[in-house]
Amino acid sequence: MSTPAFKGSVVVILYDISRFARNVQAHIALRQTLCDAGGVLESPSIEFGEDSDSRLVEHMLAPVAQHQREKNAEQTPNRMKRRMMNGYSVFTAPIGYRYKKTKGHGKLLTAHEPIASSIKEGLEGYASGRFATQADLKRFFEDQPAFPKELPNGQIRQQRVSDMLKRAVYAGYIEHEPWGITRRKGHHKGIISLETYHKIQDRKNQKALAPKRTDIREDFPLRGAVVCASCETPMTSCWSRSGTGKRYPYFWCQTKGCSEYRKNIRAEKIDAGFEQVLSAMTPTEDVLAVAMSMVGDASGQRDEQDKQARAALKRQLTELDKQQDSVVERLIETSNPKVITALESKIAKMDEDKLRLSDKIAQNTKPKASMGQIFELVRGFLSNPWNIYDKGDLAAKKTILKTAFRSPLAYDRKEGFRTPQVSVIFEFLGFFTSECKMVPPHGLEPRTY
């Protein structure tokens with residue numbers, strides 16, 4: 001490297017001329033500005049100077065550098081597009097994933113634990129209705145210590161949750177509409193199933209529910225699950241302060257025109273009534289033993305049913321392949337633009353159906369827990385649902401409400417809770433208790449005297 005022309009002048013050192021400016025015009029302008037300021041350019045790969053030969057070389061290399069930069073800008077999206085078409089993600093790894101070099105794949109998305117498990121629980125919970133709104137899902141993610149928070153108060157933006165819900169990458173699929181890349185199976189392992197992803201999209205397209213208030217959700221777990229017996233609309237709840245300054249929790253009907261409009265009911269009274277309702281649903285030990293025996297017998301048929309279901313899915317997939325081949329043949333033979341558009345849409349729909357069938361076939365149908373663990377959980381829930389509700393957190397309470405009752409509970413200010421509409425399992429246990437009796441010691445045959 002040559003010695004600077006002037007002692008004490010500004011020296012700009014370049015590794016390569018392509019790093020100085022993005023195009024020839026910018027190079028010339030920046031070079032002139034540097035010279036006017038008394039600066040000097042130095043580089044290990046080219047000798048800059050003010051003579052005609054040095055300027056000729058410099059002005060020849062600058063367009064070459066511009067061409068290389070533009071060519072790379074053209075080729076990079078094409079390489080990225082080809083990689084995506086082959087089932088690989090090329091953008092920034094989504095939350096819950098990170099890139100890892102693997103043999104035969106290069107950089108491949110892999111689950112980033114424990115964030116991936118939290119996302120799996122959250123997305124499946126939203127699909128199943130455990131989280132009624134996106135706001136509930138947002139609060140769930142905020143409660144996870146490992147989940148990255150983007151705001152200084154430990155919260156995340158609602159837009160982040162909304163974006164996560166619509167990304168097929170979490171189901172193990174790749175797509176990018178701006179590049180015309182339709183959904184296809186990715187080489188990375190999905191956090192959720194494609195069926196769960198479609199359930200999420202169905203829920204997102206439903207009428208949005210008003211987000212729950214965070215300041216009272218812990219104090220009123222029955223909020224949203226209790227309706228006014230007169231107008232059958234959900235009651236609201238709030239804290240009320242007396243003249244002495246003491247605060248009391250109340251429920252009340254918020255429907256104008258209802259005979260019970262704004263007539264307060266102490267929350268303790270409703271809670272006590274709900275305890276009686278839930279406790280009364282506890283079956284006897286004999287009935288519970290018979291029910292668990294029936295559950296055990298039914299579980300023994302699971303493997304055979306799974307095999308039959310898997311075989312049926314494979315038959316559907318084969319039939320769908322035949323139908324698609326037939327449509328493709330029609331597409332080749334026709335020249336009508338409207339017919340071509342309709343057939344292309346039909347083929348795309350068949351591709352989507354094939355992906356869903358393939359995903360169902362590939363899913364592991366074995367339960368995550370052993371049958372013994374499942375039996376213990378079911379038995380604990382059925383034997384004493386109030387105990388689980390009383391000692392559980394808010395999520396457990398909401399789960400009990402959804403699994404034990406088919407619809408909200410109607411409450412009358414004077415008479416208390418009306419007869420609830422219980423879920424199928426508790427309805428069966430109630431029927432078994434009231435209608436089924438033990439065979440008498442002498443048997444079913446009439447006595448002979």
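How many of the 449 residues of the protein count as buried? The share is 33%, where buried means under 20% relative accessible area, exposed over 50%, and partly exposed in between (1.4 Å probe, protein chains only).

**Figure 1. Overall view of the predicted model.** This is a predicted model, in which local features need pLDDT of at least 70, side-chain atom pairs count only at pLDDT 80 or more, and totals for chains, interfaces and linings use all residues. Residues are numbered from 1 along each chain as its sequence is written, and side-chain values use heavy atoms, with hydrogens and water left out. The protein has 14 helices and 12 strands. These are DSSP runs numbered from the N terminus: helices are H or I with at least four residues, strands are E with at least two. Among contacts with a separation of 6 or more, 54% come from residues 24 or more positions apart; contact means heavy atoms within 4.5 Å. The protein exposes about 28,400 Å², by the Shrake-Rupley method with a 1.4 Å probe. Carbon and sulfur atoms supply 53% of that area.

**Figure 2. A negative surface patch.** Asp143, Glu218, Asp219 and Asp393 form the patch. Patch residues have over 30% relative accessible area and no salt bridge, and like charges are joined within 9 Å. Asp and Glu count as negative; the place of a charge is CG of Asp or CD of Glu. Glu218 lies in the loop between α6 (194–205) and β7 (226–228). Glu218 counts as exposed because its relative accessibility is 52%.

**Figure 3. Salt bridge between Arg157 and Glu150.** The side chains meet at 3.0 Å, N to O. A salt bridge is a side-chain nitrogen of Lys or Arg within 4 Å of a carboxyl oxygen of Asp or Glu. By this rule the count comes to 14. Arg157 has 45% relative accessibility, so it counts as partly exposed. Glu150, at 28%, also counts as partly exposed.

**Figure 4. Salt bridge between Asp163 and Lys166.** Here the N to O distance is 3.7 Å. Asp163 is partly exposed, at 28% relative accessibility. Lys166 is partly exposed too, at 45%.

Figure 5. Lys354 and Asp321 meet at 2.9 Å, N to O. The pair links distant parts of the chain, 33 residues apart: Lys354 sits in helix α10 (residues 337–362), Asp321 in helix α9 (residues 302–333). Asp321 counts as partly exposed because its relative accessibility is 30%. Elsewhere, salt bridges that share partners join Glu150, Arg157 and Arg160 into one network.

Terms used:
Patch = residues over 30% accessible without salt bridge, like charges linked within 9 Å, V, L, I, M, F, W, Y side chains within 5 Å.
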